[in-house]
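Here are my notes for anyone opening this one for the first time. Have the structure on screen while you read, and take the points in order.

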Amino acid sequence: MAATHEDFVLYVDHANHLTPLTLAYHATASRHLTSGRSDVIPPSTTVETDSAYCPRSLTFCDVATALSGDGGYKDCPVCFSPVSISIDEKNSRTSSDGRLICHYLCGHCQWSSRECGVTSNADKLLEYSTSDDTDAPKEDELEKQRGLAIIDITRELAVCLQRRISEKNKDVDAIFNSITTIWAEREQEEQRRNRMNTGMTMTQGDSDRRENSWSREILEQSLLEKKQAMDTLFISRKANYPREDAKKLGDTSGIPENLPTPQQIAAQMTITAITPQSRSDLFPLPVYYRARVSRRCRAELAAGRTGILIKPKLNPLEGDTSLRAGHGQWWKKDSSAVHVVPRVRLCRHGADLACQKYAALLKVKNPTLNTMRLRLSGPSSPEVDNEEANNPPVPLIDKRELQHILVNPFTEKFVQGRLCSPNATSSIMPTDFFVLHPVDDPFLDVGKGQEDDPSEVSNWDATTILGAVGDGTTSQLRIVATKGDTAWVEMVLCNAATDAEVSSDTTYANAYLAVPLALQVEVGNGSWEASLIKRRDMPAEEKDLVTLYLVALLR
Ligand SMILES: [Zn+2]
């Protein structure tokens with residue numbers, strides 16, 4: 001079964017979330033992983049906005065500036081293409097001289113903001129026009145003046161747009177303000193009443209008072225009144241509309257064009273509160289800034305460390321080859337696990353479902369430029385349990401977690417899993433330690449030809465392995481081969497589920513078998529230096545192991 005784009009070996013983070021390695025982080029010197037999945041509860045990371053940038057111009061700014069206004073770039077409300085600011089002659093014959101007008105103009109569909117009355121007068125520009133006898137220095141001066149005039153004119157255009165939008169929103173804003181004012185008044189009244197009533201018992205004035213005091217019924221009543229007011233407003237606008245429509249029916253042309261499409265209405269509703277009734281209600285749409293966020297690990301934060309996992313640079317182009325330096329350095333800090341944590345993938349596997357036996361070939365690859373010594377083990381081998389309490393406890397994988405296992409973050413593919421019977425994995429003994437050499441840079445060896453996998457790997461066949469497994473054998477792990485930065489480990493699983501489980505779990509017929517495993521990496525003594533984890537104080541002959549938990553999905 002091809003598993004090229006989907007991860008069937010997932011990593012378990014500090015909050016026991018299952019995560020593909022591509023979405024996992026490893027905080028500097030931390031002994032656990034952090035899931036970058038945003039759909040898990042509770043999330044393992046905190047996210048904060050560092051800066052923002054305009055997706056059109058790629059100009060960047062801090063968060064405060066981004067919140068205070070839009071970037072100035074606009075989209076066409078009709079076809080959603082970018083619009084430009086254009087200064088053109090008024091083409092109407094009625095105006096005597098060639099008056100200039102500044103407006104938003106769509107280069108794609110020729111929509112102009114003249115339709116919605118958003119324009120500014122650009123006649124100022126005529127004052128700085130060039131005649132034939134102007135000399136060079138004067139020409140430069142005029143050019144400068146023209147530039148300044150254009151800045152003024154475009155600013156006026158933006159102001160005009162803002163004014164027109166607030167005009168449209170005026171009624172709705174007024175209703176909203178009156179509601180909040182009424183609530184504030186009610187609240188004050190209630191406070192006053194409470195002060196007066198301190199220590200008093202309710203007397204005859206009780207019923208009167210209740211009328212004026214704050215209550216849910218009164219609040220609902222006032223909301224209802226406001227809602228009716230708003231409905232009449234809406235209806236009155238609607239009432240105007242059929243008449244216009246009927247008028248236009250006479251000439252038949254242009255009616256469908258004049259009605260905004262549902263998409264245009266939806267886009268327009270993000271800037272005005274009133275449903276646009278015709279094309280002339282459509283305003284240019286603002287282009288919103290994109291946020292750039294940094295992430296921190298919640299577990300590291302709780303332990304009093306910074307726990308920064310990823311932090312963007314201010315300029316969105318940093319790292320790009322269009323700049324002179326720093327190519328490829330996209331982040332201030334990037335602790336993505338793919339750079340540090342060994343990648344474990346499922347090469348091939350097979351199953352004998354009748355006997356609940358599985359055989360799988362796992363491939364372990366070192367992504368770092370340093371040597372690594374490590375081993376694979378079952379989730380709770382006796383040796384793991386005997387170690388000091390510093391080791392993370394064996395994770396309890398929640399049933400809900402197994403309902404939505406993310407295997408492909410790019411296509412957002414989720415699968416279901418059912419946990420392998422604990423008896424099947426409890427007997428798994430750790431493999432011997434194996435050494436992974438520093439990663440081979442494939443680009444250094446371009447043209448050298450792809451090296452083949454060792455013959456033990458290419459000859460590995462799940463059916464043969466399963467055939468050789470006797471009834472009495474227990475689950476086990478075995479190193480098949482190691483070569484350079486890669487090792488291959490065979491996993492044989494017996495009695496993965498009891499017969500009762502298999503027959504009763506009809507709902508999970510399609511579910512993957514989730515097999516918990518542990519990856520134990522030695523730190524110190526020249527192993528896994530890229531992780532920056534400090535070796536614990538312990539006798540020199542003992543190994544300091546960092547345990548990372550994995551879940552392999554088999555079917
Ligand atoms: Zn357009």
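The points below go from the whole chain down to single residues.

1. First, what you are looking at. This is a predicted model, so keep an eye on confidence as you go. The mean pLDDT of the protein chain is 82, and 82% of its residues reach 70 or more. Residues 201–207 fall below 50, and beyond near neighbours in sequence this stretch has zero contacts in the model. Residues 381–390 also stay under 50 in pLDDT, but here the model has nine contacts beyond four places in sequence.

2. Next, the overall make-up. Along the protein chain you will find 13 helices and 25 strands. Of its 555 residues, 26% count as buried. Take the contacts in the chain with a separation of 6 or more: 66% of them come from residues 24 or more positions apart.

3. Four strands make up an open sheet, in the order β15-β16-β23-β22, with antiparallel pairing. Its edge strands are β15 (343–352) and β22 (476–483), each of which pairs on one side only. From one strand to the next, the twist averages 15°.

4. Stay with that sheet and look at β16 (residues 357–365) beside β23 (residues 486–493): eight bridges link this antiparallel pair.

5. Then go to strand β25. How many of the residues in β25 (residues 544–554) are buried? The count is eight of 11, so the strand is mostly covered by the cut-off of 20 or more other C-beta atoms within 10 Å.

6. A few backbone details deserve a look. Most residues other than glycine have a negative phi, and most peptide bonds are trans. Against that background, the bond joining Ile41 and Pro42 is cis, with omega about -10°. Pro42 sits in the loop between β4 (34–35) and β5 (45–53).

7. For Ala29 the value is about 65°, and its place is the loop between β3 (24–25) and β4. Are they buried or exposed? Asn16 counts as partly exposed because it has 17 C-beta neighbours inside 10 Å. Ala29, with 12 other C-beta atoms within 10 Å, is exposed.

8. Last, Asp281. You will find it in the loop between α6 (262–268) and β11 (285–286). Which residues does Asp281 contact, leaving aside its neighbours within four places in sequence? They are Cys116, Gln268 and Pro276. Gln268 is 13 residues from Asp281 in sequence, and the two are 8.6 Å apart from C-alpha to C-alpha. With 19 C-beta neighbours inside 10 Å, Asp281 counts as partly exposed, because a residue needs 20 or more to be called buried.

How values were computed
Residues are numbered from 1 along each chain as its sequence is written. This is a predicted model: local features need pLDDT of at least 70, side-chain atom pairs count only at pLDDT 80 or more; totals for chains, interfaces and linings use all residues. Two strands pair if DSSP finds at least two bridges between them. Helices (H or I, at least four residues) and strands (E, at least two) are DSSP runs, numbered from the N terminus. Axes are lines fitted to C-alpha atoms, for helices over the stretch in contact, and angles run from 0 to 180 degrees between N-to-C directions. pLDDT is the predictor's confidence in each residue, from 0 to 100. Two residues are in contact if their C-beta atoms, placed from the backbone, lie within 7 Å.
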